[in-house]
Amino acid sequence: MSLIALYVEVPFATFRQSHAREYGKTYPVPPPSTVYGMLLSLVGETDAYKHCGVQLAIAMLSQPRKSKVLRKLHRFKVKDYSDSRNTILEYQEILTDIKFMVWVASGEERVQPTLAERVEQALMHPTSVQRFGCLYLGESNDLVNVVKLVSDDYRGESRRWLIRDDEGLITLPYWVDHVGSRGTRWLRYRLQEISTQSPPESSWTTISVPFCKHL
């Protein structure tokens, strides 16, 4: 099984909660589904189902600070796009100083090359990858500042692991249905500081849906 570890740094981002309405609340950490989307973008993959079965483990290296801004958002209420009813002012939460590590394991992937292999190739030989747009985590203006391959022992400081826990207080999507919410999949987590360099067993999340055509 191929396994790689990445260091990711994002100056600011919003991981908008799926059930947020006028007030744009953010998850406290990047959800596995968001990290998976960033990795697909990194390798230029547009088929979200392509690497179903990949496993991700996330460890926070920073404690992002939360702030609130007032933004003008566009929506479609009336046909005339310039109509003032198509804009609304909303408060939105933003996290700053986001630094984390993510381990990518091929897990139950049935395709070759695996996502871990493609990410490694993209970072070691960027010109070999055809992709488009800026790399972001969350919303399209939440640009990734650093993403690089690292070893398991990168940084000696303790890590706050995202641990699967049925009684955890953090509910995050690991798969998002962008057509409707019925296909979105969730897991509950807790953040726990553990002095281990390798991902604990309970930190792995498998990106998978029952109807994935690649499994």
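The model is predicted, so local features need pLDDT of at least 70 and side-chain atom pairs pLDDT 80 or more, while totals for chains, interfaces and linings use all residues. Residues are numbered from 1 along each chain as its sequence is written, and side-chain values use heavy atoms, without hydrogens and water.

Secondary-structure elements are DSSP runs numbered from the N terminus (helices: H or I, at least four residues; strands: E, at least two). Glu-90 in strand S4 (residues 87-105) and Arg-16 in the loop between S1 and H1 are 74 residues apart. Accessibility is classed by relative area (buried under 20%, exposed over 50%, partly exposed in between; 1.4 Å probe, protein chains only). Glu-90 is buried at 12%, whereas Arg-16 is partly exposed at 31%.

Asp-165, in the loop between S6 and S7, is 25 residues from Arg-190 in strand S8. Asp-165 is partly exposed at 21%, as is Arg-190 at 30%.

Strand S8 also takes part in pairing, which requires at least two DSSP bridges between two strands. S6 (residues 159-164) and S8 (residues 185-194) run antiparallel, joined by six bridges, with Arg-159 opposite Ile-194. S7 pairs with S8 in the antiparallel sense over five bridges; here Leu-172 stands opposite Leu-187.
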